[in-house]
Structure formats: structure tokens, C-alpha cells
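This report describes one protein structure for a reader who is new to the subject. Please keep the sequence and the model in view while reading.

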Amino acid sequence: MYTTLKAVTSKAEELNYTVGAFNAHNLEMLPDMIRAAKEQGSPIIIQTSIDTAKYIGHENFVAVCQSMATKEMVDVVLHLDHARNFDDIKEAIDKGYTSVMYDGSHLPLKENIMKTRAVVEYAHAHGVSVEGELGTIGGTEEGIHVDENDKVFTDPKDAVEFVKATGVDALAIAIGTNHGQYKSKTNVNIPLLKEIDAAVDTPLVIHGGTGVNEQDIHELINNGIRKFNVGTELLVAWTKTAKETFEETKETKSLRHNIIPCNQAVKEVVKHKISIFMNKEDRIFMSREKQAVGVK
Ligand code: 13P
């Protein structure tokens, strides 16, 4: 089913897993990302930057996600990542995206609340979910750079005020992660996550998933992370493979000989991440309340 962020994260909260939100960097890789989710029996959030949506065409992303969700019987959400401008958000909603992120994290709290609230009103009137952000995530994404020294962690008190005043469906939090951190791994601040999770009921979102140590993922899930963003790792897998295949293949050979291995490399990353996100290894599906009291 072609569905919303709210629908997939509600189910994830009920059953204590997290939903992978994978950045599609071109249209070629998209079908295999959705097939990966189908093979893992999991929902998937496909996210695009504004520039990628414009380069491919919003309607084309919508068409592929919709048709594959129906044909492959997978829950697919199409989400606009990191938008700072109402017109970009309106365009994605009007053209059929089912979820949007308004990123007001660079603004003072009151202004972030006011602008996020306006997005929520428009989006909810169109049946679309909204992710907001509080605190700053380090690194560079789509030309926006946040320096290590300018990173601000999410304040749990602000989080309470923000979710209440805006009505967002998901909250991106800053607990130490960075966008585009491919080579090293993040020191995630689990005590802060626990505080935020205890203070708000809204599903929480991790950005900069490439830099998160896979050993930390279960703990993140067990403390309320319901959307887990991964972008750079897919980009690197596609590009590395492309460099090899384009180098080896004759110019006159069909392009699919170059492209299929790239899409396969992305598919393997998505499948691997989802296998951890579904949190199947050390538990039977059960709600956090039931886990707390030890009900089987
Ligand atoms: P990475 O590219 O670091 O995985 O982050 C993705 C992301 O958070 C998209 O918003």
C-alpha cells in the first residue's frame, strides 16, 4: 500500500521496530530498494531531497512508488527530506508525496514552532504526515553544512513544547549523529535519547544513519527511534560499483550491464539494514509495555 509516515511508524511503535528511510539518489535504484523491503517483509520509506525530486520529477517518483506498492504489496511511504521552504513542501504534497520534513532546526524555537505548525496544517489537510526537527545534526547534506562545533543537542523540554504546539507526526532529534559520516562511527548519546523518549510520545527519527554503529541500533529502537535515515551508504555502494562496471564494460554494450550491479549493491545494503531495523534477532514482536512487564 502507498501509505503515510504516521501509519508505518504507528505500527513500528506497537511492535517495537524501526522503519528504514532510504534516500533514493536516482530513479534507477528505486525499484530494487522497494524489492529489498518486500523480500524482508518490511515497510519502507523512500526519501528524496528537493533537488533529486526536481531532477527526476516528483510525479515520476510518486508513480513508481505507487505502482510498486500496489503490485509488490509493500507499504511504501514517499517522503521529502530536509525542506526549509514552504513552497517546496507544498509542491511535494500537491504532486503526491505522502510525507514531508520541515527542517526549522536552524531557527529559534518559537519560529521553528510557528513555521512547522503552518506546514502541519497544510499537510494534514491533505492526509500527509510531517516530520519536524529540533537540535542540529552535524555534517553536510545537499550543500548545507553544520560544523562539529555548532552542533546543538535536542533539549527534552523543548521537545515537549515543540510536539505539543506543532502536532508533528515524527520528531528528528540531535543526539550526536552527523550526515554523510562514512568512514568513522558516531558516539550516540543514549541517556539523552532515553530522556527525550520518556518526555514525548511522538515517534523519534535518527538522521545520519550511515555513521551509526550497527551495534547501537537495537538500543536506539528500544528507546523510541521509529524512522532511521540512511543515505550516504547507498550512494557510496552505487557509485563504487558504477566505477568498476563502467570501467570494465565496452561502450557498445547495453547500459544495463553497468547499472544492474549498482542497483543490486544498493539492494543488498537496504536488505541488510532492514534486517537489523526489524529487530527480530532477540525478541518476539511485542509492545514496549508488554516487554517491560515481561509478558510473552
Ligand atoms: P546519511 O547520509 O549520513 O546516512 O544520512 C541520511 C539522512 O539523515 C538523510 O536526511
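## The loop residue H207

H207 lies in the loop between strand 10 (204–206) and helix 9 (217–222). Helices (H or I, at least four residues) and strands (E, at least two) are DSSP runs, numbered from the N terminus. The model is predicted, so local features need pLDDT of at least 70 and side-chain atom pairs count only at pLDDT 80 or more, while totals for chains, interfaces and linings use all residues. Residues are numbered from 1 along each chain as its sequence is written, and side-chain values use heavy atoms, with hydrogens and water left out.

H207 is buried, with a relative accessible area of 1%. Buried means under 20% relative accessible area, exposed means over 50%, and partly exposed lies in between (1.4 Å probe, protein chains only).

## Annotated positions

Under "binding site", an unreviewed UniProt entry lists H82, H179 and H207. These residues span 126 residues in sequence, yet no two of their C-alpha atoms are more than 11.7 Å apart, so they gather at one spot. UniProt positions are given in the numbering used here, feature names are shortened, and annotations may be inferred rather than shown by experiment. The unreviewed entry also places the feature "active site" at D81.

H82 belongs to strand 3 (residues 76–83), and D81 lies in strand 3 as well. H82 is buried at a relative accessible area of 16%, and D81 is buried at 4%. The side chain of H82 makes a polar contact of 2.9 Å with the side chain of D103, and the side chain of H207 makes one of 3.0 Å with the side chain of H82. A polar contact is a pair of N or O atoms within 3.5 Å; within protein, one must be able to donate a hydrogen and the other to accept it, and residues adjacent in sequence count only if both atoms are side-chain atoms.

Helix 10 (residues 232–248) has 17 residues and should span 24 Å at 1.5 Å a residue; its end C-alpha atoms are 24 Å apart, which agrees. The expected span is 1.5 Å times one less than the number of residues. Among the buried residues of helix 10 are L234, V236 and W238. The buried residues of this helix pack against strand 1 (19–23), helix 2 (30–40), strand 11 (225–230) and helix 11 (256–277).

The largest nonpolar core has 87 residues, and those with the most contacts inside it are F22, M33, I46, V100, L220, F228 and V270. Helix 11 supplies the largest share of this core, nine residues. A nonpolar core is a set of buried Ala, Val, Leu, Ile, Met, Phe, Trp, Tyr and Cys residues joined through side-chain atoms within 4.5 Å. Not counting residues up to four places away in sequence, V270 touches F22, M33, A36, I44 and L234.

## Cysteines

How many disulfides are there? With a disulfide taken as a pair of cysteine sulfur atoms within 2.5 Å, the count is zero. C65 is in no disulfide, and the nearest cysteine sulfur, that of C262, is 20 Å away. C65 is buried at 0% relative accessibility, and C262 is buried with a relative accessible area of 0%.

Note on methods: Contact means heavy atoms within 4.5 Å.
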